[in-house]
Amino acid sequence: MTTNGNPIIVNGRSYSPPTRPTVVICLDGSEPGYIEKAIDAGVAPTFARFMKEGAHVHAASVIPSFTNPNNLSIITGRPPAVHGIAGNYFYDTTSGTEVMMNDPKFLRAPTILAGVHDAGYRVAAVTAKDKLRALLAHGLDYSTGRAFAFSAERADQATIAANGIDDVLDFVGLPLPEVYSADLSRFVFAAGVKLVERHRPDLMYLSTTDYIQHKVGLGTKIANDFYAMIDGYLAQLDALGCTIVATADHGMNDKYLADGKPDVIYLQDVMDDWTGKGAARVILPITDPYVAHHGSLGSFATIYTPEGADIDTLLMRLRDINGIDVALTRKDACARFELPPDRIGDIVVISSKHKVLGTSAARHDLSGLTEPLRSHGGLTEERVPLIANRKIALPPDHRLRNFDAFDVALNRIQ
Ligand code: ZN
Ligand code: ZN
């Protein structure tokens, strides 16, 4: 297929066709400061150079500041109201079941990657976890030989038919990483470099995991080592002539008490107390099969209230709880955060910087939390960095979002 060089329209936004390999990166959980601390420690010279010679600004993430809503916003260029992925779970009131939104059938918008691929370009996506790969790579046609998408987690299972590439472990030259490890993200970058060297994709998306950021804070040896590792791969991508734009899905904060225990508001217990046991249903959209690093505790929850509940009174009582920053009706929350109303409960609750929201104390298995809890989900994890290896020109007064990353990479590089 030949390309015609015309702008590519995806979800109503226009993207200039890539003229050199263009790499958009989601550094999962990169709270502002991690990179600066690594630079201060002298282990991130490439980041330092990008910030000086290219661009370094802050952008606002999607709320809930969770991984999937933000990755899907970045890859579609639109908020969850458009793409439909508002978390890992929603509650289906008709069937009375909690439904996992990891399946592409829940995705309501095409991806920029698929749009660029359909216009005749070569595209690639590499994710840490496989759950995201299925969503981010939705709509790619591997039979063209111009699409490559796989996860570090299941790199050993990649096939030409399902991923556009096989023998990925050999290709990357690394062993299959553990799912809870810094190596999972290392694999993503190593694969990205190899893809550019061998297949020269016009557009590539790399998405890491926040295992390290859940574990340790800014400036720690472990965090600095992690960003130093990334720095080395960025240097390689830069040397290969890529345009690079890196942002994050959300920040990360300490969410624990002086004794090291998580600082949790157990909302289901609160609601049981107020509306009767099990009458309301609290959904934590952070819940996923990989809970060891956060125990399903984040700063955003949605509540389905029982028939006839006095929502205004419930909102007032919720706002009175120490550590609850925001309690809104579905309508107000969807308007403010651009969320899909059919996948949000009657009430949205957001906790403060150092608190998280749980269901019932008895339902959270915190045995996997080997470190004091760090997590995200709220407004206090909304601010993220956006870094490019070339200068960028933004419109004046533009409220930059992390999901402008492809717009920046394809339209705003000077
Ligand atoms: Zn994340
Ligand atoms: Zn996380």
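Which side chains meet in a salt bridge at 2.9 Å, N to O? Arg13 and Asp404 do.

1. First, the ground rules. This is a predicted model, where local features need pLDDT of at least 70, side-chain atom pairs count only at pLDDT 80 or more, and totals for chains, interfaces and linings use all residues. Residues are numbered from 1 along each chain as its sequence is written, chains are lettered from A and ligands numbered from 1 in the order written, and side-chain values use heavy atoms, leaving out hydrogens and water.

2. Back to that pair. A salt bridge here is a side-chain nitrogen of Lys or Arg within 4 Å of a carboxyl oxygen of Asp or Glu, and the whole structure holds 19 salt bridges. Arg13 and Asp404 are both buried (under 20% relative accessible area; exposed is over 50%, partly exposed in between, with a 1.4 Å probe and protein chains only). Together with Asp407 and Arg412, they are linked in a network of salt bridges.

3. Arg108 also forms a salt bridge, with Asp342, its closest N and O atoms 2.4 Å apart. Arg108 is partly exposed because its relative accessible area is 40%, and Asp342 is partly exposed too, at 47%.

4. Now the metal. Asp210 (OD), His214 (NE2) and His376 (NE2) coordinate the zinc ion (ligand 2) at 2.0 to 2.1 Å. Donors are N, O and S atoms within 2.8 Å of the metal (3.2 Å for Na, K and Ca), and water is not among the atoms, so sites may look incomplete. Both His214 and His376 are buried. The zinc ion (ligand 1) lies 4.2 Å from the zinc ion (ligand 2).
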